[in-house]
Amino acid sequence: MILSGKAKLAGVLGWPVGHSRSPRLHGYWLEQHHIDGAYVPLAVRPEDFADVFHALPRMGFAGANVTIPHKEKALALADHVEPLARRIGAVNTLVVRENGSIDGRNTDAFGFLENMRHAIPGFKAATGPAVVIGAGGASRAVVAALLDDGVPEVRLINRTRHRAEEVAAALGGAIEVIAWEERADALAGAALLVNTTSLGMTGQPPLDLALDALPLEAHVNDIVYVPLETPLLAEARQRGHRAVDGLGMLLHQARAGFHAWFGVMPSVTEDFRRFVKD
Ligand code: ATR
């Protein structure tokens, strides 16, 4: 990487930030597109976040990604928050405007839908009811994306019911909260099942969910991507469902930020996926 004095700058603000794959994936696209720019990890303690946030335009940054634990703080500090980020309740992408003010966006909903559309050509949430397991930040982005893509009904299921009710209240629309104990029956007639919990991730127990009631035409998506093939996806594939892994959501959400900062919309190719996985 050789930079000029005019290089465009972006990065990821997190604490800790060492585990982030974002520098690697943005670095790949910068090189691929011969862009005079850099994307760097920025380890920022929670107590320093506001200072660093306000310093970004002053240091000439085009913007940044925001990750744990700063996403809610970024929403509070941004000068302009796009409506989708406000609905989701978190900002993961900052874009500096020419006048130095900062836009707060959330690209996770875009990442979820783009991942589904690339994995399953013609995918439309409007096809039928979706069952979403979990009620954290990722769940909000997935449910918002499904509603915006015309899903007729979201069946939202979380171990802690009141968190699902909070998501339903925040997002509005056709969301039915269903009890954790009834999760297996809730699959009847669904067109899509999405796991947004951390269950199935390396070191975590698998998601305990009997798939018998899920129609075979239904698609299954897990937003967990370590491992790429979670027990849920393996079982779904075995039953004959189209199973979509979670790495694509991470990669596709990154495209939107890259486009805003560096002016090129990159694509998620098989080579790119392989590069990020290794
Ligand atoms: P994120 O913002 O990344 O989605 P989160 O807010 O910690 O993360 O949410 C994690 C999700 O995984 C929650 O829906 C959580 O359920 P609770 O709200 O009941 O905590 C779910 N989850 C984590 N471990 C779980 C387990 N052992 N059984 C059931 N759900 C679990």
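**Ground rules.** I number residues from 1 along each chain as its sequence is written, and because the model is predicted, local features need pLDDT of at least 70 and side-chain atom pairs count only at pLDDT 80 or more, while totals for chains, interfaces and linings use all residues. Side-chain values use heavy atoms, with hydrogens and water left out.

**Entry 1, domains.** I looked up the domain assignment, which gives domain 1 (8-106 + 253-277) and domain 2 (109-245); such bounds come from an automatic or database domain assignment. I noted that the C-alpha centres of domain 1 and domain 2 lie 26 Å apart. For the interface I found 11 residues of domain 1 in contact with 17 residues of domain 2, where contact means heavy atoms within 4.5 Å.

I used a 1 Å grid over the protein atoms alone, on which a pocket is an open set of points where a 1.4 Å probe fits, with protein on both sides within 12 Å along at least five of seven lines, and lining residues have an atom within 4 Å of a point. Grid points are joined across faces, edges and corners, and a volume is the space filled by probe spheres set on the points. I read a volume of about 1,400 Å³ for the largest pocket. I then listed its lining of 44 residues, of which Thr 67, Ile 68, Lys 71, Ala 138 and Ile 223 lie nearest the centre. Two or more residues of that lining come from each of β3 (61-66), α3 (71-77), α6 (137-148) and α9 (247-262); helices (H or I, at least four residues) and strands (E, at least two) are DSSP runs, numbered from the N terminus. I sorted the lining into 17 nonpolar, 21 polar and 6 charged residues, counting Ala, Val, Leu, Ile, Met, Phe, Trp, Tyr, Cys and Pro as nonpolar, Asp, Glu, Lys and Arg as charged, and the others, Gly among them, as polar. Domain 1 and domain 2 each give at least three residues to the lining of the largest pocket.

I read about 260 Å³ of space in the second largest pocket, which is lined by 17 residues, with Asn 115, Ala 119, Val 244, Asp 245 and Arg 273 closest to its centre. The elements that supply two or more of its lining residues are α5 (108-119), β12 (242-244), α9 and α10 (270-277). By class I noted 6 nonpolar, 5 polar and 6 charged residues in this lining, and again at least three residues are drawn from each of domain 1 and domain 2.

I followed up Asn 115, which sits in helix α5 and is buried, with a relative accessible area of 5%; buried means under 20%, exposed over 50% and partly exposed in between, with a 1.4 Å probe and protein chains only. Leaving aside neighbours within four places in sequence, I found Asn 115 in contact with Asn 221, Val 244, Asp 245, Gly 248, Met 249 and His 252. Asn 115 and Asn 221 are 106 residues apart along the chain, with their C-alpha atoms separated by 9.7 Å.

In α1 (residues 22-32) I found Ser 22, Leu 25, His 26, Trp 29 and Leu 30 buried. They cover an arc of only 140° around the axis, which puts them on the same side of α1; the arc is that of the directions from the helix axis to the C-beta atoms. These buried residues pack against β1 (8-14), β2 (37-43), β3, α9 and α10. In α10 the buried residues are Phe 272, Arg 273 and Val 276, and their arc of only 100° puts them on the same side of α10. I noted α1 and α9 among what covers them.

I checked two cis peptide bonds: Trp 15 to Pro 16, with omega about 0°, and Ile 68 to Pro 69, with omega near 5°. Pro 16 lies in the loop between β1 and α1, and Pro 69 in the loop between β3 and α3. His 34, in the loop between α1 and β2, has a positive phi of about 50° although it is not a glycine, and is exposed, with a relative accessible area of 73%.
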